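Have a look at the model first.

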Amino acid sequence: MKKLYGHWIGKWERKLAFRSTNRVVRHFDWGLEWTHGWPAARQFPRNGHAPADYIRLLNHRALEDSDSFFKYERPSQFELSGNILRFQSPVVTPYPENNLVHAQWFPAKQGKKAVVLLPHWNAPGDGHNALCRGLSRLGISALRISLPYHDYRMPPELERADYAVSSNVCRTIDATRQAVIDVRCCFDWLESEGFGPLGIVGTSLGSCYACLVSAHEPRIKVNVFNHCSTYFADVVWSGLSTLHIRQALEEHIDLEKLREAWMAISPVNYMEKFAARKQKSLFIYATYDTTFPPELSRDAIARMREHGVDHKVVVLPCGHYTTGETPFKFIDGYHICSFLKRWL
């Protein structure tokens, strides 16, 4: 029976995964021009290093001083118009649309508890809004940020958020760095408006970003990681939804080298820093996940346990895409809302 159930979920997963027909296999690129804004690149010029060696050096430097890597200047102006918060990202990219951060605001009628919510990769502009509305009814205000290169922030030549995760190695790092910094700016706004205690909710790619934020953000008290993993590279290499990216990558780089190239954006490298924050955390993963392989989720949780992180684990009987389908989305939402309601 278990085998039949797993087969049924797997078939459903593949159907949902491949309903998108606009995936593009883009050219591989080291993308060294994207490193110019990184602190380590200013300190350590390339000086003839091969691209892979130079990126590995920058990653090591970023990990040695990640506070500097994710350091930023607070935006000088936040504008709340209706339910949309806008501000200029401290990370400047060549795309004006991407430089203007949009976040949808779902205020609770009473109380000052609040969370920043980070959607999944390629989430539509209204993705996760139902969860935000549910949280606001429970007395928890929610600020749903548009991730770099997503929905409101998507450059006109794109149909998908291809610049957030792609076969351009350094642009992927830069998009992750920008996401972390933009989310921290959201906490600046919440704090300036008198909100607290504060939490964070991330799903899929948003969960990876949320983990990096939590390792560097002392204002966060409660975390929800909806899908979790250790290495950024392994998810891209093994996931069903990133087969087109692997196709471009594997002609130029293997998994081990990709891990080295993306060390600075992999949650596994911030476990000790994360554990030192003493936050409460919920880790959710799916038994039949074909995008975040369950063994990577279990490894992430085991490492958190070794570091003494105060956490709860929920295992959903579905896959990655099916988490967003009935009835699993309601089970998932229940666990997220009840955890935040109890601990925030």
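A residue is called buried when its relative accessible area is under 20%, exposed when it is over 50%, and partly exposed in between. Keep in mind that this is a predicted model. By that rule, 58% of the 344 residues of the chain count as buried.

**The overall build**

What is the chain made of? There are 14 helices and nine strands in it. Its C-alpha atoms fill a box of roughly 55 × 55 × 45 Å along the principal axes. How does the radius of gyration fit with a compact globule? For 344 residues, such a globule would have a value near 20 Å, and the chain comes in at 19 Å, which agrees.

The contacts tell you about the fold too. Take the ones between residues at least 6 apart in sequence: 75% of these join residues at least 24 apart.

**The charges**

Now for the charged residues. The chain has 42 positive and 35 negative charges, and their mean positions lie 8 Å apart. How many salt bridges does the structure hold? The count is 17.

| Positive residue | Negative residue | N to O distance |
| Arg153 | Asp182 | 2.8 Å |
| Arg246 | Glu250 | 3.1 Å |
| Lys257 | Asp254 | 3.9 Å |

Let's start with Arg153 and Asp182, which form a salt bridge. Where do the partners sit? Arg153 is in the loop between strand S5 (141-145) and helix H7 (169-192), while Asp182 is in helix H7 itself, so the pair links distant parts of the chain, 29 residues apart. Are they buried or exposed? Arg153 has a relative accessible area of 0%, so it counts as buried. Asp182 is buried as well, with a value of 0%.

Glu250 has a relative accessible area of 41%, so it is partly exposed, and Arg246 is partly exposed at 28%. Over in the pair of Lys257 and Asp254, Lys257 is partly exposed with 48%, and Asp254 is partly exposed with 36%.

Salt bridges can also join up into a group. Which residues do that here? Arg184, Asp188, Glu191, Glu217 and Arg219 are linked in a network of salt bridges.

Definitions and conventions. Residues numbered from 1 in each chain as written. Predicted model: local features only at pLDDT ≥ 70, side-chain atom pairs only at ≥ 80, totals over all residues. Heavy atoms only, no water. Helix = DSSP H or I, 4+ residues; strand = E, 2+ residues; numbered from the N terminus. Rg over C-alpha atoms; globule rule 2.2 N^0.38 Å. Buried < 20%, exposed > 50% of the residue type's maximum accessible area, 1.4 Å probe, protein only. Contact = heavy atoms within 4.5 Å. Lys, Arg positive; Asp, Glu negative; His and termini not counted. Charge placed at Lys NZ, Arg CZ, Asp CG, Glu CD. Salt bridge = Lys/Arg side-chain N within 4 Å of Asp/Glu carboxyl O.
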